Amino acid sequence: MSAVGMLQTTKRAYAAPVIAAYFLSDDALLVGTGPYVKLYRASTGELLAANDVLGHLRIHHLVADRPAPVGTPANLKRLIAVAGAKTVVPLTVSMELAGSEYRCTLESHKAWQFCDWILDVQWLYAAQDTTCCESPTQVAVAFAHNFVELWSYPEHRLLRRIGCEEKCLLYAARFFGHHEAGLQFAAGTVFNEVILWRPTEKEAVMDCEDRCVQLRLRGHEGVVFSVRFSRDGKRIASVSDDRTARVWSLVDERARPAILYGHQSRVWDCQFAGDVLVSVSEDRTCRVWRDDANAEDMACLAVWAGHRVKNARCVAVNPSCTIVATGGDDSGVRLWPLDSLRAGLVDTDDQLIDVVLPDASNVMRKESIRNFVHVSADSVVVSTFSGCIVRHQLSTHNWQALYEDIALVSYCSMAASPDGLLVVCGSMGGTLTFLDANGAREPTLLQANVGKVFEIFVLQGQKAGEYDVFSSVVAGDLVWSRYIVESNTAHVIAVFELPKFTVVASVALCITSGILMCGSREGALLAYDVRMALQCIDSSKAPSHLTAAWELRRAHGRDTVTSVTVRHEASGLQAWTTGRDGAYVQWRVQIADDDAECRDITLERALRSRITKGWLERMYFADGEVILAGFFQKRFFLFNETQKYEAMACGGAHRRWRLRLEDDRAKQISFAFIRAERVHAYQFNPATSAQSTLPPKLQDNFHGREIRTVQLLAEAQGADPVLLTAGEDGVVCASTVNACNVRPHLQIKAHSSMVRASAICPSSTTGGKLLFTGGGADELRAWRIDASASSQTETPKGQPVAPAIHELAACPRVCDDLETRVMGIAAFPLTDVPGQSMPHATHAVCAVYSDAYLRVWAFSEYTKLFKLIGQSPFHDSSILCCAHRMHHALGRVLLFTGAADGRIAIWDVGEKAMWQPVAGQDAVWLLQPVLSFQAHQSGINVLDVHVLESTHDQNSAVLGTEEARFWVASGGDDNALSLFMLTVSADAEATHGTGHLHARVTRRLQQLHAHGSAIQGCRFLDATLLATTAWDMRLNLWALPDTADSSSAVTSEAAVQGPPLLHSTMVNVADPSDLDVLQRQVFRQRLGLDAPLALTGKRCSGAAAWTLAVCGAGLQLLEVQRTAAAHP
Amino acid sequence: MGRTSKDKRDIYYRLAKEQGWRARSAFKLLQIDEDFDLFTGVRRVVDLCAAPGSWSQVLSKRLHENTTQDDEQPKIVAIDLQPMAPIPGVIQIQGDITKKATAEEVIAHFEGERADLVVCDGAPDVTGLHDMDEYIQAQLLLSALSITTHVLRPGGAFVAKIFRGKDMTLLTTQLQVFFCTVTCSKPRSSRNSKAFIVCEDYQPPTDYVPSMINPMLDFDYGTGNELTGMHRKIVPFLACGDLRGWDADRTYPLEASRQTWDDDSYQPLDPLQLPISPAYKTALEMRRGLRPAGDGATDDADADSASA
């Protein structure tokens, strides 16, 4: 037992790239992520079992002892070789169906160590027919240096090592066959070839003799990343750096391989899946190719973009070839129904229903389809060049003439009501024609607009049989008219004046709250108060003329606002807009002073999320899920935002297109468009597909690239913490912990570049917190975190609630150079600064930049503006990190910065004068550090500060003044950990908040080889413990020296060796970038430690527990427990 | 990313183009030399994995600077699998460093003598799987070490790129078997997890016979090897290059590197040597329509958004 008690680290939740996947049966999927094997039930998405199998290694391969059975057997037992690096762990997986539940166990056996990197493992049997063999007798292992070893099983004895004449490094290898005789072996080399050789052939040949290469498959222009045999072993598929997959015949060696072009980036792996081949790529997609052994080309049938930003890593197919599973770098595991793809969700022209006009009765007229609307899943109403309005049934190809008008010749704008019963046509002259979609009533005409009717919107009225119709012209007003079925009449209710350069592109009406909102082609969003107009809705009255109550010009930049939706939610009136900037925005609608004649309407942006590089066109709320429709790269897509998966993708961005979701559950979808004067329609009925109940994902998509910053927030109920993360993908994410998985709830892409730093500070207006994020392109953003409300998703009982995050503001850019990066942020409320007189709810945001500047901003929660208060180019080298601490006795806030030249600087950012705004002056303070010193040879990546409570110990009693003491720990690029004790005092005559500070380093310790590589995370746990993490993927815990012990006092330039290492453990996150620590309240409550632990200069080594988060290429939560103390 | 953008982001990328180096890595070797004084008295150098050739450029320049007319002229042999544009004063071999024939060819160029210095700036393309990338990089380094044991004279030095990842300490332990002093050095012009291992005073074990047939297999952290903790042997770290020099992490205004220029209008420069033909060249040409597409190329990445 050490002086600070027993330390124990436990690994908890984990999210990292999924590298291996294997279907045990049609319904059971094994997944390998980091060292963990997870067993999922595909049909329900249930996690059946999970086990840490490989310890500090990462699983690359999962190989079963025998083929997976078709169907879902009640009992299943398999031996799985779990391989990673140079280790194989045999794992017994048992599944037993008890009622509808599975009982599963994963049992790891003793690990086998090998001498080289493993590329494949195969179980071998004594007989050709494996079904009659009880268990395998040998294990074949393939290695990166192109040799194979045969080991006996189960006793694990090396039988033979077999080399090949080709001496080169392999990226991929694959065995085929389960019997020693005839074992085939294919390897993908770094020299762009696939080579085949037989390790077990020619018994007569001495074992030491190298085998000959039997076949060389040449053609790839890059390294071969994976090779797969077809199920019959007659063909090989290989994937490569050259962005292609190739399929080679082993039967006919002269046949040219099929070359599959399409992936936009490197291809990592592939699988034969019955009549298709599936491949996964760095371009984040899984592609499905039609596999025809006789054809030279294989058509791409589908592109599934199921992972974030980058890298779909692995792919597995179930034995029946009905489900494809993909795993990605974003830690997501996605399921794709291959059978419904076959059933028709394929974007080939075969499935298009063409609408061709019947032979025109009058051949003299040039007749063509000009426009159309969808009135049901099976019917469209088209307008023709000659002014005819005709209904067409897709299934029967029946035509029914509805109307003909010379006013509609060559131009007719059209819209259909949501129920499909009313069709409204607009003419060149501004006339609206109201038509019954079944031709049951006489048409009604209304002169609504002046000029060409550009766009028409038909909304279902409040009462049945009433429709609200909005029609717009290019440079004129928006007209609201109402059509009443009973009387077959229409009249104008109101005319909305539009500002200049506003062409309405979308409309939403909320009668209950009396608001009309419209979005424009130029990106503007407008709100009108229509309450007064609703009161005099009588047809006898003159229409009201209304002007906008609220307007925002750049709601979606300069891009078209394509749709608006207004809804009453629990949290109040909400609006959603979609835009051709590829984003959707959620707005809070506030209506002030409800009784006033003219009400104030304001909209506040609550959330913006960019979904696509293309256009977002529509948003649907179907069965509690949000479905977005848009175009990307000439393809139409439906995206389920709630579940985060692409619902469908099919061809064509078109000027005229319509989408109809037939029921609330979006199960019947029809999409139609005009191409070359013809209407083409797709009809989808996913409900009829057998696998439609398949959960879209087994594991959530987390960050698509490296996570650079993590913040742990204490959860109110004291359960697991909430995680705020951001990184290279520019996404800010709030997640909770669900057993061993990280569950992201809210992912917002607001940063245009990577996020490198974040800081949290309490909000002064609400009970929540503020989050500041900064990163590339000189971006610094403010967010509000409302802990109370769950944001979007319904949270099951007992699950921790994720906070809602709202975008508040973006800091103006200060650098001419957009390449400047924000490297670190520290933020605190200015109420903490004594004597300052800034307005309430103002926060200090200290940011350090790659252009060597420290900038101190004031951010107001009310005005949502950043104001530059002070700056300094003192460091003259990129500043890499910063941290601040408030010292109450001193009445000051100190900021600590560390730069790429190895220097630490200490700044007084709580100086009263700095925070005294002078009227009429916008001068920016030039800051000077209180102290600076060399701490490392080169870049300081991280630093953390611990305030030592200023007890009246002997030293300060002698000096007679209040001295503040801090531990400052810094981790460098030079592998070193430095620890400084800093003593700070104010001028004797100084009052709170003013006067000069004096700082000096009083103790100095340095551990030169704290880690094997650059330190990337450093946090104090309490006054006795410090945690660090580095690129060497270790988490080290260090004992802080007793503050009373003066052996490390600064006497010379040399630092004292230390602090001592207490505990070290491997983490499973590659490229660690940040570390955060949260003391666990629950644990303390359990121990009855109600009072906060006194983190003082006195030795505090009581029992405690902390949650640690390490982020990088993934994220890992660990728990550190100190179970006993040695001395008080 | 446009040229201007990359110029802004990375001061060394810009300096390299301005000063005529084929790659920014030239500065890394210059900075290592500042601290380790690699080139004094050196007459014979081998540059492994040399393409595109910036290290050979540095070697050629520095060794010829140090040489007077009367001295023996320096000999630089550059080896790479890829072809490389010629550099004055550098002998080029297009070959595989894992082949014994290549080692023999080098010694032939040195007329039977051994090299004073072997450098290797080679790195494989990374896959993003950190453990695998580290392994492949380690294999490359071990191959470089393997040929080095054939061609380096006792007392000579070896400089190679190393990936500062999880298992770096295992690799450095192995290098300490062959060299008296091993230092991990990170030049200030290096911005990522790549560092350089500087091995001085080559003293192979007495019973060591250089061999290419059995590649040296790297050690593993097994039982007896400490996974964690202070018992791991961590080689000293040295940040090299002038602390007052350019800072690779820093964002500089475009004018910063050109104080001597009269005209301050910025002109982006073309890279001196374009990347050697990439693996995806054919795929790219197909996408751009330069080649007839067989099939499968169904969508077009160049079109960023939908067309109306």
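R482(A) is buried, and E466(A) is buried too (buried is under 20% relative accessible area, exposed is over 50%, and partly exposed is in between, with a 1.4 Å probe and protein chains only). These two residues form a salt bridge, with the closest N and O atoms 3.4 Å apart; the term covers a side-chain nitrogen of Lys or Arg within 4 Å of a carboxyl oxygen of Asp or Glu. R482(A) sits in strand β41 (residues 478-484) of chain A and E466(A) in strand β40 (residues 466-472), so that distant parts of the chain, 16 residues apart, are linked. Helices (H or I, at least four residues) and strands (E, at least two) are DSSP runs, numbered from the N terminus.

A word on the ground rules. The model is predicted, with local features needing pLDDT of at least 70 and side-chain atom pairs counting only at pLDDT 80 or more, while totals for chains, interfaces and linings use all residues. Residues are numbered from 1 along each chain as its sequence is written, chains are lettered from A and ligands numbered from 1 in the order in which they are written, and side-chain values use heavy atoms, leaving out hydrogens and water.

Over all chains, a search of the whole structure turns up 43 salt bridges. One of them pairs the side chains of E149(A) and R161(A), at 2.8 Å from N to O. Here too distant parts of the chain are linked: E149(A) belongs to strand β13 (residues 147-152) of chain A and R161(A) to strand β14 (residues 158-163), 12 residues apart.

R266(A) and E282(A) make another salt bridge through their side chains, at 3.0 Å from N to O. R266(A) lies in the loop between β22 (258-260) and β23 (267-273) of chain A, and E282(A) in the loop between β24 (276-281) and β25 (285-290), so the pair ties together parts that are 16 residues apart in sequence. Both R266(A) and E282(A) are buried.

With neighbours within four places in sequence set aside, the contacts of E193(A) include E166(A), A187(A), L217(A) and V224(A) (contact means heavy atoms within 4.5 Å).

UniProt positions are in the numbering used here, feature names are shortened, and annotations may be inferred rather than shown by experiment. Residues 260-289 of chain A are 0% helix and 63% strand, with the end C-alpha atoms 8 Å apart. Residues 315-340 of chain A come to 12% helix and 54% strand, and there the end C-alpha atoms lie 18 Å apart.

Over in chain B, the secondary structure amounts to 8 helices and 8 strands. The chain has 308 residues, of which 53% count as buried. Taking contacts in chain B between residues at least 6 apart in sequence, 71% join residues at least 24 apart. Chain B exposes about 13700 Å², with carbon and sulfur atoms supplying 50% of it; accessible areas come from the Shrake-Rupley method with a 1.4 Å probe, and for residues only the protein chains shown count as cover.

An unreviewed UniProt entry also places the feature "binding site" at G53(B), W55(B), D80(B), D96(B) and D121(B). D96(B) is in the loop between β3 (90-94) and α5 (100-109) of chain B and is buried, with a relative accessible area of 14%. Not counting residues up to four places away in sequence, D96(B) touches F191(A), L81(B) and T102(B). D121(B) falls in the loop between β4 (115-120) and α6 (130-151) of chain B, and it is buried with a relative accessible area of 14%. Apart from neighbours within four places in sequence, D121(B) is in contact with S25(B), L48(B), W55(B), K161(B) and F196(B). The side chains of D121(B) and K161(B) are joined by a polar contact of 3.3 Å.

Terms used. Polar contact = N/O pair within 3.5 Å; in protein donor to acceptor, adjacent residues only side chain to side chain.
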